[in-house]
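Please consult the sequence and the model alongside the text.

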Amino acid sequence: MSPHVLVLGGTTEARELAASLAARSGVRVTTSLAGRVSRLGALEGEVRVGGFGGAEGLAAWLREHRVDAVVDATHPFAAGITANAAWAAAATGVPAVVLRRPGWSAGPGDRWHEAASLAEAAGLLAPLGRRVFLTTGRLGLAAFAHLTDLHFVVRSVEPPEPPMPPDVEVLLARGPFTVQDETALLSGHRIDVLVTKDSGGAATAAKLTAARELGLPVVVVRRPPLPDGVTAVPDVAGVLARLGLGPR
């Protein structure tokens, strides 16, 4: 019987992994998407959309569909899904791998202020400037809703969910973005401070370079820790090696 790999997706790396697995003869791959983004795009292999009903629901799905390995390739801040996947894999004895792109690191000239959460990030803003470029996604804006004296420019792929700050301008856009684009945006909107999550990857890193070149402070929300005993691999090749598939 062909080995069945479940990929918990929603990232570029998940898409690349699904394509690599689907191209291997005798491997069945299913990518699961939460369904929060309306434009899912084409994916290789089978696709399911929607939640599992928590960790126990995921464990039941792994058993029912005879999954041989599960790869958590979700966003680095999808802590709930990662915790559920770790529990379900342990409960069923299914091997699990976490795929996480490396995070960003501050370099010379960067003015980074690290925060452990969105709420902590909100608490750092007032001394840093009044005009804020917020690139933390469409969820979690409630952490900034009480900041009535600040002007926010919020960029996300999908329309953000309320509650939001009262003085807010929404930009709907999908990366990748160039340094030139980001510099023009920061300058055009007279931004004083950038807020971002440490998502890693190149698609949205240009804003950090632009902020550095403009001398702007950046509030960086750190990634949540992985569950106890769980380690991550940084790329698709690492996942394939863990699964015993290796290069073709």
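Leu194 has Val218 as its bridge partner in strand β11. The structure is a predicted model, in which local features require pLDDT of at least 70 and side-chain atom pairs count only at pLDDT 80 or more, whereas totals for chains, interfaces and linings use all residues. Numbering starts from 1 along each chain as its sequence is written, and side-chain values rest on heavy atoms, with hydrogens and water left out.

Helices (H or I, at least four residues) and strands (E, at least two) are DSSP runs, numbered from the N terminus. Strand β10 covers residues 193-197, and five of its five residues are buried, so the strand is largely enclosed by the rest of the structure. Buried here means under 20% relative accessible area, exposed means over 50%, and partly exposed lies in between (1.4 Å probe, protein chains only). Both faces of β10 are covered: Val193, Val195 and Lys197 are buried on one side, and Leu194 and Thr196 are buried on the other.

Strand β10 pairs in parallel with β7 and with β11; two strands pair if DSSP finds at least two bridges between them. Together with helix α6 (residues 206-214), β10 and β11 form a right-handed β-α-β unit. Right-handed means that, with the strands pointing away from the viewer, the path from the first strand over the helix to the second runs clockwise.

| Strand pair | Residues stated | Bridges |
|---|---|---|
| β7 and β10 | β7: residues 131-135 | four bridges |
| β10 and β11 | β11: residues 217-221 | four bridges |
| β1 and β2 | β1: residues 4-8 | five bridges |
| β2 and β3 | β3: residues 46-49 | four bridges |

**The nonpolar cores**

A nonpolar core is a set of buried Ala, Val, Leu, Ile, Met, Phe, Trp, Tyr and Cys residues joined through side-chain atoms within 4.5 Å. The largest such core holds 20 residues, of which Leu125, Phe144, Phe152, Val195 and Val219 touch the most other members. Two or more residues come from each of α4 (118-124), β7, β8 (151-156), β10 and β11. Helix α4 gives the most, with three residues.

What surrounds Val195, leaving aside its neighbours within four places in sequence? Val195 is in contact (heavy atoms within 4.5 Å) with Ala121, Leu125, Val132, Phe133, Leu134, Thr135, Thr136, Phe144 and Val219. Apart from this core lies another, of 16 residues, including Val71, Ala73, Val97 and Val233.

**The six-stranded sheet**

An open sheet of six strands has the order β3-β2-β1-β4-β5-β12, with parallel pairing. At its edges stand β3 and β12 (232-233), each with a single partner strand, so one side of each is left without a neighbour in the sheet.

Within this sheet, β2 (residues 28-33) has five of its six residues buried, so it is largely enclosed by the rest of the structure. The chain passes from β1 through helix α1 (residues 12-22) to β2 in a right-handed β-α-β crossover. Leu8 stands opposite Ser32 in β2, and Thr31 stands opposite Val47 in β3.

Helix α2 (residues 54-64) has Ala55, Gly57, Leu58, Ala59, Trp61 and Leu62 as its buried residues. These buried residues pack against β1, β2, β3 and α3 (79-92). Just after α2, Arg66 takes a positive phi of about 50°.

**Two contrasting positions**

The side chain of Arg155 makes a polar contact with that of Glu182 at 2.7 Å. A polar contact is a pair of N or O atoms within 3.5 Å; within protein, one must be able to donate a hydrogen and the other to accept it, and residues adjacent in sequence count only if both atoms are side-chain atoms. Leaving aside neighbours within four places in sequence, the contacts of Arg155 include Phe133, Leu171, Phe177, Leu185 and Lys207.

Pro162 lies in the loop between β8 and β9 (168-172). With a relative accessible area of 67%, Pro162 is exposed. Pro162 and Arg100 are separated by 62 residues in sequence and by 29 Å in space, C-alpha to C-alpha.
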